[in-house]
Amino acid sequence: MWRNCPPEWTPCTKFWGYSAVTMIFGIPIQAFLGQLLIGLINGSFYAMLSLGLAIIFGLLRVINFAHGAQYMMGAFVGFLLLSWIGVNYWLALLLAPVIVGITGIVIERFALRRLYNLDHLYGLLFTFGLALVIEGGFRYFYGTSGQPYATPALLSGGVNLGFMYLPIYRGWVVVASLIVCIGTWLLIEKTKLGAYLRAATENPTLVQSFGVNVPFLLTLTYGLGAGLAALAGIMAAPIYQVSPLMGSNLIIVVFAIVVVGGMGSIMGAIVTGYMLGILEGLTKVFYPEASNIVIFVIMAIVLLVRPAGLFGRDA
Amino acid sequence: MTEITMTPETRQSAHRIQLALLSVLIIGLVIAPFVLYPVFLMKVLCFALFASAFNLLLGFTGLLSFGHAAFFGGAAYFTAHAVKEWGFPPEAGILLGVVGAAFMGLIIGFFAIRRQGIYFAMITLALSQMFFFFCLQSEFTKGEDGLQGVPRGHLLGFIDLSQPLNMYFFVLAVFAIGVFMVWRIVHSPFGMILRSIRENENRAISLGYSVNLYKLAAFVMSAALAGLAGGLKALVFQFATLTDVAWQMSGEVILMTLLGGIGTIFGPIFGAAFVVTVQNYLSTTGFPVTVLTGLIFIVCVLVFRRGIVGEFNASRLAAKLGLRSRN
């Protein structure tokens, strides 16, 4: 079934023959909508990942290169929990982010913290090294081939929407990621903790003088960011296979998205993520050869027109 | 850093010691191929030149490029293609690689210098990844196979480079020229301006320098020298593959520079020698190279930011020898 097929397989390709082919811009509408859906799903992951990056960067001024590795860890923790002690998807959805978040907290507490007073580039280099260690380690033990992760029974199967066939799990990913993104946005914009975070982003010294434990906030933020990446990872596990390198190319695309969106706003990161995911999907329909590079091209254009990014403030 | 007072005598003796160290290094490199495996040495020299080119940008201009693999690997493809498919002589092939890399540097640099710091790193990374995908898909790179069986040819028509020793001394000569160029650029008025940009960009702007132009020039020079290393590498190993353009390669050159000492002339050379040696050794043990690379990265960033040569320069011994860098 398509569920175990590589992600670039459009779910609807199998169904082209079944219905009368309606065309849109000279493209069968099924192909169009299928790629739109794939774009939306990719966009969901882009949004969740660039959101995490933006939160970490906002407070720690560190570009977390290990974000892709933490995404991969999330998927792997879910996979290992399932194969070792039979933890199901729903519990893993909770446990994987917590476990990866804790590793993030440990790393921040004992290593990353020492770099805050230095040039920000050292944070990038440190997390780059971290990503190499994590990915290299997993590759050493599990090889480069992907491990399948079964879709939870509750979400398997699909619905025929008439114009296309929608696998329920993929619909769930889109909805769940929207909830996660909006939830995180609310957490940061509307709660007291979020207010502390935003204040500490603006002026950490002043916030600390009010008696807020800023170093603790920083630790918490890195843990939260890592946990978000892991959550995206476990959600991705049933769609893409679980493999040690699943995050390494993804993170570079997410970097480009972050450059396009600018680091200025949380909402900006989310919107840009979805937007570019969809755009990438549409490129697959109209000009497949360019689908790998379209996000980078857009990044270049945005740099020409608006160097600070679509939602960015001038640094 | 405290300045040590220098009388003309100590300065003269320091100069003598520096010359002595340099000649030891040169003699060592001349004798080396009779003792060690020449291909290994050539690999070290290629990467040392690559790291020196990278250091010109990071160490002396303060720009962290995360996409130098594009220039290194791109030039390797250009050289390999020119020599293999068009029958170019080696020197023309390398020249084409350098020109190609410089042109790519101009394009990528044009976009990247629009942002600073971390963004600069991310943009160079993204654009080099774009080039990677281009190489993955385009015809002339032969995809996953890469360009193989590139003939080394005859240098200037009469020196047979398929002889390992001939090739070695050719590589050594190109390496020496490349490093000398880096040294010359760094110690020129142009290099001083680059350093002032590294130290305080806004100040350099307010002094009336068109900082972006200088940055772009440094970027192109660094790309061209990285291309020189890449073209050379294509001839040494007689192939050009996707490995050379992948982002891991960009990471490796950063590591070599960081480990050896950012902003020192000899640091990247020692860093490259160390990393290549370790990789060669590990490839026989089965220990994952990436893990060790990452660990060295972490250790360097946390406790060893000055690198091998940087630590040496800051040591008492260096002060005694009059080697302490004054910048």
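**Notebook: a two-chain model**

I began with Thr293(B), which is buried at a relative accessible area of 11% (buried means under 20% relative accessible area, exposed over 50%, and partly exposed in between, with a 1.4 Å probe and protein chains only). For the record, this is a predicted model in which local features need pLDDT of at least 70, side-chain atom pairs count only at pLDDT 80 or more, and totals for chains, interfaces and linings use all residues, while side-chain values use heavy atoms, with hydrogens and water left out. Residues are numbered from 1 along each chain as its sequence is written, and chains are lettered from A and ligands numbered from 1 in the order in which they are written.

I placed Thr293(B) in helix α12 (residues 289-303) of chain B; helices (H or I, at least four residues) and strands (E, at least two) are DSSP runs, numbered from the N terminus. A polar atom of its side chain lies 2.7 Å from the backbone oxygen of Val289(B).

**Between the chains**

I then looked up the interface, where 46 residues of chain A are in contact with 36 residues of chain B. The two chains bury about 3,800 Å² between them, 81% of it on carbon and sulfur atoms; buried area is the accessible area (1.4 Å probe) that two parts lose on being put together, summed over both. I counted 0 salt bridges between chain A and chain B, against 6 residue pairs in polar contact, both residues at pLDDT 80 or more. On the side of chain A that touches chain B, the elements giving two or more residues are α4 (120-142), α9 (248-261) and α11 (294-305) of chain A, and α4(A) gives the largest share, 16 residues. I saw that this side divides into 32 nonpolar, 9 polar and 5 charged residues (Ala, Val, Leu, Ile, Met, Phe, Trp, Tyr, Cys and Pro count as nonpolar, Asp, Glu, Lys and Arg as charged, and the others, Gly among them, as polar). A polar contact is a pair of N or O atoms within 3.5 Å; within protein, one must be able to donate a hydrogen and the other to accept it, and residues adjacent in sequence count only if both atoms are side-chain atoms.

**Buried positions**

I turned to Pro244(A), in the loop between α8 (214-236) and α9 of chain A, and noted that Pro244(A) is buried, with a relative accessible area of 0%. Beyond four places in sequence, its contacts include Met72(A), Phe76(A), Glu135(A) and Arg139(A).

Val276(B) and Val44(B) are 232 residues apart in sequence, yet 6.2 Å apart in space, C-alpha to C-alpha.

**Salt bridges**

I finished with the 5 salt bridges over all chains, each a side-chain nitrogen of Lys or Arg within 4 Å of a carboxyl oxygen of Asp or Glu. Glu108(A) pairs with Arg113(A), the closest N and O atoms being 3.6 Å apart; Glu108(A) is buried at 0%, whereas Arg113(A) is partly exposed at 27%. Glu199(B) forms a salt bridge with Arg198(B) at 2.9 Å between the closest N and O atoms, and here Glu199(B) is exposed, at 57%.

Terms used:
Contact = heavy atoms within 4.5 Å.
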